Structure formats: C-alpha cells, structure tokens
Amino acid sequence: MTLRYDDTFMFRDALDQVHGLDPALHATLGARFADVRAEVARRTAGGDYGFMKLGDQPALVRRLQQWRTSLHGRFDHLLVLGIGGSALGAKALLNALKPPAWNEWSAQHRNGVPTLTLLENVDPITVHETLQRLDPRRTLVNVISKSGGTAETLAQYLVVRQWLEHAVGEAAARQHLVITTDPDKGALRAIARDEQITAFDVPPDVGGRFSVLTAVGLVPAAVLDMDIAALLAGAAAAVRDADATELAANAAARYAALQWQAQASRAANVHVVMPYSDRLKEFAEWYRQLWAESLGKKVDRAGREANRGPTPVGAVGATDQHSQVQLFIAGPFDKTITFIRVMDTADMLVIPSRPELPAELAYLPGKSMGALLDAELHATREALRSQGRMSSTLELGTVDAFHLGQLMMFFQVATGYAGVWYDVNPFDQPGVELGKVLTFKAMGRAGY
Ligand code: PA5
C-alpha cells in the first residue's frame, strides 16, 4: 500500500491567503522535477544512492534468520553499542515494533525474546548503571560502527569487553559479541577477523544515517524477533513509489521539494515531524539526524560556501500540544509541520462512563481513546491552518514491520531528493568528522 501524503495545507490558498506557498509552484516544481530525477539517477549510477537497493537483500535475511536460530535460549538481553546512525535506527525499531516498556516485561511475557538496551553516549554514569543492571552471562553485545573507530563506541567496547571477560572468561566472552562494521576497513573489522568474532557488514556505499536497513538495524531487529523480511519489503515498496516520474504522484520527492521550497521562499528553516503515535516517538528522533546531518552543509555541490540546511525538530502528538505547539501556532513563521497519522487505533480503548460523572465530562464516555487522539490531530492541523501555518500529513495504515520499513525508506529517499533541491551532498558529514578528529587529538591518539 502506498503512503498517502496530503500537502494541501502547505499552500497559501488553503491557509490565510497570505502565508504559505504560492499555488503556482505546483507547476514550477513539477516542471523542474524531471531534472531533479535525472540528477538522482545520475548520482545513483555513480554509486551515491546505495541505500536505495536495501529492499533487496535475501542473502542477508537468510543469514540473519539462521544466526538467530543458533542463539536460541542463550541470551536474555541484547546490548547495542553505537552512536548516531549506528544507534538511532535500532532505537526507532524497538519503540515502533515492540510494546511500550518492553525491557520491563518478564521473560515469559517476552516469550524468551531478549530485552534491548542501547548505550549511545560515554556518560560514565549511564554506562556504569547499565552494566550493573544487566547480567553479563545472559547478555549478547552488538558493537556497531561503520568506520570501526568512533571513540565513543570503541571506549564502550573496551569497558564492556572487560565486564564480559570478568563474568564468563576470555574465550567465552567472544561468544557474547557480534560486530557490525565495514567489510574490510577499521579497527573493529581487524578485531573481528583476528579473534574470529561473528561479524556483519555495513555496505561501504551506505552512509551511517541511511543504514538502519542494513545489518546495523537488522541484527538487533533479528535478535528481537522482528519481521526483517517485511521491513525490507516495505522499503522496496517505498523505492518503487519514489520512482514515479510526475512530482504530483511521487510523495517522497514532493515532500522534499516542498520542504526545500518552504525554506527557500518562506524562510521556513525549521522542519517539524510530529507523529500522533507514541510508537513513532523514536522514529522522529531518527528522522532528525537523517535530515540534519544530510542537509546541513557548509558548501554546495560546486564547493562554494553556502551554509545550507533546515533545522529538524521532533514532536509527538498529542503530548506536544501541551508543550511545543503553542510556539508552532503563534511563534515566528519559520516552520513547516509534518504530521504522521496512524490509522489503526481509531476504535481502540473505549472510554467508560461513571454514574457520578459531571456533565462537562459527558462528551468522553463511549468514544474511543483512538478517536480522541485523531480528533486532536485534526484540531491541531486546523488550528495551524487558521493561523497561516504550513503543514502536511502522511497517513500510515499501521505501524508494523512493513509500514515502518516503508516509512523509513520514504524519508531516506526524500532526503536523497532534498540533497538535489538544496544542491548539497547529502551523504557526507564533514562537520561530524571534524569533531571526531578533534576528539582523537584531545585524547592523544597517535597521528592526530
Ligand atoms: O551518519 C553518520 O555517518 C554518523 O552519524 C555516524 O553514524 C556516527 O558518527 C557513527 O559512526 P560510526 O558508525 O562510524 O561509528
């Protein structure tokens, strides 16, 4: 099923006739799209858009399924070490595809499927407390770093390896490790090779923040018994949809074009993604990194200083109606809001009545909580519209593995298209690399 994307409220004629995009842009952007599409095709042929192939990985799916079977019953916990693109995807998968508070469920309720803990930072309190809480004898550790040399992840690895060895001994500790990294390069690959530790590859032509549908996200997904084949099928469907030649029929490309245009002509520098679903809270965080790191660039494609990029913001409805939405409705006209509406909870959880209910609450009983959530989305969208604020809405049937893969690939493809509209390279991250190099220097790494 195709994701439905409604951009009506991005345009002036649906807002207050003053703010928003000029409806004439439908035609202008549509006419330019052929060139944008050709540029994406050219860069794809040049090897830049490797993530677009990720819907088709049958060999990896088979290997992961067999490997997962071989782990059966050995581990209660999966501990992921990684940062940025090597962590945010797995977090989003856990949040979307497992019930809330998964780690607090008993092993019996989890049906023997492990808990998942992610260590992203090197805050010693977090690391220490996490290692206090988990039983190393029952923990599988997935060390994830595409480069294989990121200081945070490698420092965690050294601490966690010692923790494992103290508990189970040097030889057995290796059986508690699985490494996800570049197929050839980097320190982690060398460790995996030298010590014969199970390892999975991060394809060299897929960047960190585009890697959730590689082994980076799929190893944790497989351990947690998620339907990885369905995730990839959803991604493949999104790639097919994003191949449409007309902008009007190509939702991912239209999303990219309109966000760019809103910044270019309406100074909408802030791009909010606001799912009305707790299941997509971490997805919004994942999107934030994807959009920020891909489009925030000092130079354009010709190498001229440009300092481009939107500022992505994550929000969750209805919670943020009582937090950030006041700013979205009444603050500067510098934002677009993208709502994500999930359709599967409309009839869920009917609100009960009580004999002594005050008359002012009589409107609630008999309605479902899902209907309330949906009414809040419509109300917020209308409140924004009435105040001349640009918004658009993506509709999702449900949040299962297929739809999540589809949603993730939708935004990855949109980011790829946005790179062309913004005229920047969406696949490098020189700012992040600079921080890494200065950290090496500050820590006295040889050669820096
Ligand atoms: O998207 C990116 O390239 C970055 O955010 C990386 O994912 C992050 O810096 C971690 O890098 P690595 O996976 O090499 O440890």
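This is a predicted model: local features need pLDDT of at least 70, side-chain atom pairs count only at pLDDT 80 or more; totals for chains, interfaces and linings use all residues.
I will begin with the open sheet of 5 strands, whose order is S1-S12-S11-S7-S10 and whose pairing is mixed; strands here are DSSP runs of E with at least two residues, helices are runs of H or I with at least four, both numbered from the N terminus, and two strands pair if DSSP finds at least two bridges between them. Strand S1 (4-6) and strand S10 (311-314) are at the edges with a single partner strand each, so one side of each has no neighbour in the sheet. From one strand to the next the twist averages 20 degrees.

Residues are numbered from 1 along each chain as its sequence is written, and side-chain values use heavy atoms, with hydrogens and water left out.

Within this sheet, strand S11 (residues 335-342) and strand S12 (residues 390-396) run parallel and are joined by 7 bridges, and Thr336 has Met390 of S12 as its bridge partner. Helix H13 (residues 369-386) packs on the sheet, where it touches S11 and S12, and its direction makes about 160 degrees with that of S11; angles run from 0 to 180 degrees between N-to-C directions, with axes fitted to C-alpha atoms, for helices over the stretch in contact, and contact means heavy atoms within 4.5 Å.

The protein chain is divided into domain 1 (4-46 + 232-432) and domain 2 (51-228), with bounds that come from an automatic or database domain assignment. The centres of the two domains, taken over C-alpha atoms, are 30 Å apart, and 32 residues of domain 1 are in contact with 24 residues of domain 2.

A further open sheet of 5 strands has the order S3-S2-S4-S5-S6 with parallel pairing, and its edge strands, S3 (115-119) and S6 (198-201), each pair on one side only. Strand S2 (residues 77-81) pairs with S3 over 5 bridges in the parallel sense, and Val80 has Leu118 of S3 as its bridge partner. Helix H4 (residues 124-133) lies across S2 and S3, at about 155 degrees to S3.

Finally, helix H1 (residues 25-45) and helix H10 (residues 251-266) pack at an angle of about 120 degrees, with axes 11 Å apart. The contact is made by Leu25, Leu29, Arg32 and Phe33 of H1 with Ala253, Ala257, Leu258, Trp260 and Gln261 of H10.
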